[in-house]
Amino acid sequence: MIKAILVFNNHGKPRLSKFYQYFPEDMQQQIIKETFQLVSKRDDNVCNFLEGGSLIGGSDYKLIYRHYATLYFVFCVDSSESELGILDLIQVFVETLDKCFENVCELDLIFHVDKVHFILNELVMGGMVLETNMTEILTRIEEQNKLEKQEAGISAAPARAVSAVKNMNLPQQIKDIKLPDLPQAIKDLKF
Amino acid sequence: MALKKVKGNIERMFDKNLTDLVRGIRNNKENEAKYISQCMEDIKQELRQDNLAVKSNAIAKLTYLQMLGYDISWAGFNIIEVMSSSKFTLKRIGYLAASQSFHCDSELLMLTTNMIRKELNSQNQYEAGLALTSLSCYISTDLARDLSNDILTLLSSTKPYIRKKAVLMMYKVFLKYPEALRPAFPRLKEKLEDPDPGVQSAAVNVVCELARKNPKNYLSLAPVFFKLMTTSANNWMLIKIIKLFGALTPLEPRLGKKLIEPLTNLIHSTSAMSLLYECINTVIAVLISISSGMPNHAAGIQLCVQKLRILIEDSDQNLKYLGLLAMSKILKTHPKSVQAHKDLILQCLEDKDESIRLRALDLLYGMVSKKNLMEIVKKLMIHMDKAEGTVYRDELLSKIILICSQNNYQFITEFEWYITVLVDLAQMEFGSKQGHVIGSQLVDVCIRVQAIRSFAVAEMAQLLEVYTSTSQFTIMQEVLYAAAWLTGEFASELKNPEHTLRCMLKYKTLPQHIESVFIHNIIKLFAHIMQSYELAGRYDDILQLCDEILDKMNESIKSAELEVQERASTSLIIINIVKEEIASKNNSKLMDDVSENQPNELVATEILSLFSGELNPVAPKAQKKVPVPKGLDLDAWINEPIESSDSESEPETTDNLFVKSDKFDYGSKSEKYQYEPTEDDIKKSREARKHEQQNNPHYLKGSLSSEKSSNGQENIDNIPVTELNLSIPLKVITQKRSDKYLNLQKEKASKKRSKRKKKHHKSESSSDDNAVIEVKRDLELPEGATLSDSDSDHNKVDDPHRALDIDLELPPLADVLSKNETNVTDTEKKGKKDKKKSKKTDIKEKDKIKSEKKKKEKVENLLKLDKDTDEAKSKSDGKKVKKIKKKSKDKEKEGKVKTKKSSAGYEEALGISTPTKENYHQ
């Protein structure tokens, strides 16, 4: 069983936090902090397993993490999970993100936490691994996105346009103007 | 209407959306908190609007802020509103927020029941899936009970996506509502053979998780799993199944025998390291459980150890770690096969990776022998110097102590060496708890090994001396506890007791439990010194010592801690008596001038008799096993508890109710009523006690000085504060003293070797000649108790999995069933009762809420409202209603406590599987 999934950057800023066991908010922050301290001082060429911190879990729990560029992906799991299996799962998660965001980078996670959550929800449910087959995961995500687009229809067009303009005001955020969004917005306007 | 909609949308364009919020936070790094509080205001504004789209925008932002640590539970009702939207886009936002911020104790959850039910039965599979995913994060007992049938129906949905999620959801339902397990189990079992691989692996996942906790109920599924194992190519599922077999084999050795072959085949054939590793793990478990019955099991172990060696030698640190982890399992039963790889494990101790070093440390336990102990410990001490984090240091320390003390110090040949190691350790920095470990180890060694006492006491005396003058009061304080106790207990071994006594008197601010030990042992030491002085007739010296001790005690008696006060005042009285006696002796000696060598009774012997008797090691559970004398009721009140508040002056007839409710009111941790006295109470009881003491012939009467000190707390300013005496040189030990023993041992060994060459035939007997030190191995226990008595407190009462220990099989394991049947019916009956009760209260609560809803259309703050109406009602309806209310409230409370407990105790569960590439270890 997975107890928590945390994503934070090299400075310990949380980018995604998913707890499958309830902790109050301040406790969650402490856990993130502690986990960051544990993980960040480790070299890149050491093993990816870590005896759990004092705050989360206990002796039966392990931290299994991977470090990609500026981000740490940390899973806190108990002994019923296969260590190498979870490492695989992290890889699947990141590859899925990469497919969904097209060359995922930290900025994508910063501005689209909600989407990252939706993707994660297709992999893990309530602390149990739901699906590990990437094609299956991608189909599900794609279908749900389609559903959203259908709903958006004409009513979302103005809002979309405004947010697009807002985005354009800040050149450094160019990456966040989703190219597919623009034609979609125009199409919506035609109706 | 349409116009309104358009208007809402146009307004919405200018609201901040999530992206704006994130961007804003990034642009306001200096005053982030201020910016966020401003945004919170905006969000609250947005939540007040009718437009659901606006609301969902606000909720999306709140979800982000929740990640940053802001409590958003106040918006719970708004989240539910957004969840109830008919649009998937908005619903999604609502359910996400719910899964992030709700928990099983949220009071709002009861509002969601029907909404979620509707969602589960939705035509759109993604809507149902959304609800399932979200629900899995916060399902409560009520929700589990009310929705279990709906979820069960979903198990036979035509869509694999829904089936998969429903299967996993069932596990969460079982945890909260164990009664659902029995009816649902046959359906779950069917899913093990579902055509869709995803559903199949979800079912395997759930059964594994269930079986891990109560394996015996799932033995009958073994054939199904065996078939799956031999046919499936899905590594994820295989891993889970193999892990499951690891849990089942200890219960059924025949299964183990059957497994060995396919597992060894898998070990040889698979290329996936994760699968290989799990196979090895299970083979180990199998071999351990059937270690006697298999002829070729040694070969199996050998194969495992070999494969593990390959893992450990691999350059991939992950495999190295796992290899060591599995080795430690073999070590427990087959230490010899692991010992063959000592070189490898010692090498891992040098690894740069802390996780790997920790695992290697675990294995070290089985690697030591008389010959290499010193060397290994030296290595560990070097690590200790280099180690950065306290976690690793602490681990090193406890491992050093563990390997040295295992089997009653079996491997230690040179106890002087061990004492110096402990003293060296005491001078390093550790986490707060480690000082105690070192201290108790010192005490233990000295009590068990008589031969070492004089050396140890000398070391302790030195410790006491060194640390009076330094300010290194970290870990040392706990070691001082041991030092003080040892010097006092074995005072006769001291070379210069008076000096040590003076050192002890110099200590000022000690933690209270240590100070009380100091006081006690100062008296012991004093008694010992006095004996020799009295014999020599050095009465003046004794009197001087008395005065010094009295000064110290007069200070200690002002301590806030009762224990210290008590001991100090006892000591004061003793010393005063001694002083009188000695003074009179002294006078008579002066008057008579020529000392009559009458063998007058020594005062010292009387004092010493206070401490006579040898202390033996006590077995760890001895205290527990002392039988309670007949007629002694430990739960009875000694004094009737005093009524704590006048406000609750309810009639006595509701006795039972209130005792119960008290329990939950006072301290959720300890269920016992704790009476906290006020200052007045303390004064009163103190006076009462004094009065009683004066009339009680068994009490030593207090002297004037103790009276003085009883009100001495006011004149803190008068406490003399002396400067620390820094004239004593700081002793800095540069080289580890323990090293010399290692060198000594080496010398000895080399000598021996040369000897051996000369006297070949004598070598066997001479190898152990240097150390035949007697170690006391027996432990004191109350009569009739044995060490092996099993303790029944292993099972945690609050583990939710205990409730899931339900026998699920009717036909095959008939004998097991008959045993369990009584249990099962019991739990079932209980379950039914609970169900009835909780349903009643549930209905009541629902009604209440409905009526409240009618009263006010806009239910902005449900909780507050609930309370308000409660109060209003209770005021008007008088006592009767109040009583009923209290009853139901108590029930609620109890229920809450239960669920809290179960959520806290909830420890384990599981994961799923589908094919994946083993991409990182290629």
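Reader: How many residue pairs are in polar contact across the interface of chain B and chain A?

Author: A polar contact is a pair of N or O atoms within 3.5 Å; within protein, one must be able to donate a hydrogen and the other to accept it, and residues adjacent in sequence count only if both atoms are side-chain atoms. Across this interface the rule finds 26 such residue pairs, both at pLDDT 80 or more. Please keep in mind that this is a predicted model, where local features need pLDDT of at least 70, side-chain atom pairs count only at pLDDT 80 or more, and totals for chains, interfaces and linings use all residues. Residues are numbered from 1 along each chain as its sequence is written, chains are lettered from A and ligands numbered from 1 in the order in which they are written, and side-chain values use heavy atoms, with hydrogens and water left out.

Reader: What is the area that chain B and chain A bury between them?

Author: The size of an interface is often given as the accessible area lost when the parts come together. Here buried area means the accessible area (1.4 Å probe) that two parts lose on being put together, summed over both. Chain B and chain A bury about 7,100 Å², with 54% of it on carbon and sulfur atoms. Of the area that chain B buries against chain A, B:R23, B:M67 and B:R92 supply 10%, more than any other three residues.

Reader: And how many salt bridges are there between chain B and chain A?

Author: Side chains of opposite charge can pair when their charged atoms come close. The rule asks for a side-chain nitrogen of Lys or Arg within 4 Å of a carboxyl oxygen of Asp or Glu. Between chain B and chain A the count is 6. In one salt bridge, A:E148 meets B:R92 at 2.9 Å, N to O. In another, A:R42 pairs with B:D353, again with the closest N and O atoms 2.9 Å apart.

Reader: Are A:R42 and B:D353 buried or exposed?

Author: Both are buried, where buried means under 20% relative accessible area, exposed over 50%, and partly exposed in between (1.4 Å probe, protein chains only).

Reader: Which residue forms a salt bridge with B:K55?

Author: That is B:E81, with the closest N and O atoms 3.1 Å apart. B:K55 lies in helix α4 and B:E81 in helix α5 of chain B, so the pair ties together parts that are 26 residues apart in sequence. Helices here are DSSP runs (H or I, at least four residues), numbered from the N terminus. B:K55 is buried at 7% relative accessible area, whereas B:E81 counts as partly exposed at 24%.

Note on methods. Helix = DSSP H or I, 4+ residues; strand = E, 2+ residues; numbered from the N terminus.
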